[in-house]
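Hello,

Here is the structure I promised to pass on to you. Have a look at it first, and then read on for what turned up in it.

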Amino acid sequence: MIQINNLSFGYRKKNLLFQNLNLSLSRGHIYGLLGKNGAGKSTLLKNMIGLAYPTAGTCTIDGADASKRWPQVLQNLYFLPEEIYVPALTTTQYVSRTACFYPRFSEQEFYQYLAEFEVPREAVLDKLSFGQQKKMMIAFGLATNTDLLVMDEPTNGLDIPSKVQFRKIIASALTEERCVIISTHQVRDLESLIDTLVVVHNREIVVNQELDQISEKLLFTTVPSAQDHQLLYAEESLRGVNVILPNPEGVYSKVDMELFFNAIISGNPAILQLLNSNHLQNAI
Ligand SMILES: Nc1ncnc2c1ncn2[C@@H]1O[C@H](COP(=O)(O)OP(=O)(O)OP(=O)(O)O)[C@@H](O)[C@H]1O
């Protein structure tokens, strides 16, 4: 659905944030875009949806150049920015003024999501708390039923029950037609939600792999001591040492996303080499 070819981008021409990025994102997936603060997640999302223009290269949505912002592309894409602005309108007034931009908007679904998020239905939006405003916008975004749903740090400002609710609602809203992209620097917020990890680090996309592919290559486990293991990465914990090991036997283990993310940004090239071996389809 989204195709990025040889993308270079910089807010200043002499200081490029990305150089020659290539990335392909498909329908039927929930992507987690991870990176440290300032890694460029928001900037990459803005390039994808045509809010920032590549210095070189292209970003297309279903073959259409995102930077052209064609109405037929925009009506099928919903973007939730990190910083949201809500007007002094009730939810009903907001829906009556903005839902018309999204032909597949479902009012019934919107109110259902609002109820699940426990956001009062007749409230004036700018009088809601920040977390409630964010939940209202997430509910609206889901109810647009656009094929492309892009959310920048959507869980910022949500309390713990709302984060759980968020994961549940997003997971239930995925269809084969939909492509959902969620950026965060809070890896745990996407636990049990995403199926594919994209990691931006040092101006590059260093990982773009499904969790299943990652667990085929790497073994996530906890051992009493880090000795006698062919470690790729280790972190002490109260229960022992959480480790990532090579997985030549293909033993199943659940990907510990936080451990994985820490391992990637720690810079051990062996992990990336293992991940990218025999995965030419995901070559970056
Ligand atoms: N409008 C702008 N003009 C100039 N520089 C910018 C602008 N927006 C972002 N930057 C810079 O680009 C870099 C990447 O910022 P970006 O917001 O894309 O990162 P991020 O990964 O989303 O960070 P965070 O996790 O903190 O939200 C940062 O160094 C930031 O200062």
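In strand β10, Q209 stands opposite L197. These residues belong to an antiparallel pair, with strand β9 (residues 196-201) joined to strand β10 (residues 204-210) by 6 bridges. Strands and helices here are DSSP runs numbered from the N terminus, a strand being E with at least two residues and a helix H or I with at least four. Two strands pair if DSSP finds at least two bridges between them. The hairpin of β9 and β10 has 2 residues between the strands, and N202 takes a positive phi near 50° there.

Two notes on reading all this: the model is predicted, so local features need pLDDT of at least 70 and side-chain atom pairs count only at pLDDT 80 or more, while totals for chains, interfaces and linings use all residues. Residues are numbered from 1 along each chain as its sequence is written.

Next, the open sheet. Its 4 strands come in the order β2-β1-β4-β5, with antiparallel pairing. Because β2 (18-25) and β5 (64-65) stand at the edges with a single partner strand each, one side of each has no neighbour in the sheet. Strand β1 (residues 2-9) is joined to β2 by 5 bridges, and I4 stands opposite L23 in β2. Another 5 bridges join β1 to β4, where I2 has I61 as its bridge partner. Strand β4 (residues 56-61) is joined to β5 by 2 bridges, and T60 stands opposite D65 in β5.

Which residues are around the ligand? They are Y11, L17, G35, N37, G38, A39, G40, K41, S42, T43, E82 and H185, where being near means that the C-beta atom, placed from the backbone, lies within 6 Å of the molecule. By class, this shell has 3 nonpolar, 7 polar and 2 charged residues. In that count Ala, Val, Leu, Ile, Met, Phe, Trp, Tyr, Cys and Pro are nonpolar, Asp, Glu, Lys and Arg are charged, and the others, Gly among them, are polar.

K41 from that shell is also one of the buried residues of helix α1. Just after α1, G50 takes a positive phi of about 85°.

The largest nonpolar core has 69 residues, and Y31, A139, I181, I182 and I244 have the most contacts inside it. Such a core is a set of buried Ala, Val, Leu, Ile, Met, Phe, Trp, Tyr and Cys residues joined through C-beta atoms within 7 Å. Helix α5 (residues 130-143) gives the most to this core, with 7 residues. The core draws at least three residues from each of domain 1 (2-201) and domain 2 (210-282), with bounds from an automatic or database domain assignment.

Finally, N276 is in helix α9 (residues 269-276). Is N276 buried or partly exposed? N276 is partly exposed, with 17 other C-beta atoms within 10 Å. The C-alpha atoms of N276 and I214 are separated by 9.5 Å, and the two residues are 62 apart along the chain.

Enjoy exploring!

Note on methods
Buried ≥ 20, exposed ≤ 12 C-beta atoms within 10 Å, placed from the backbone.
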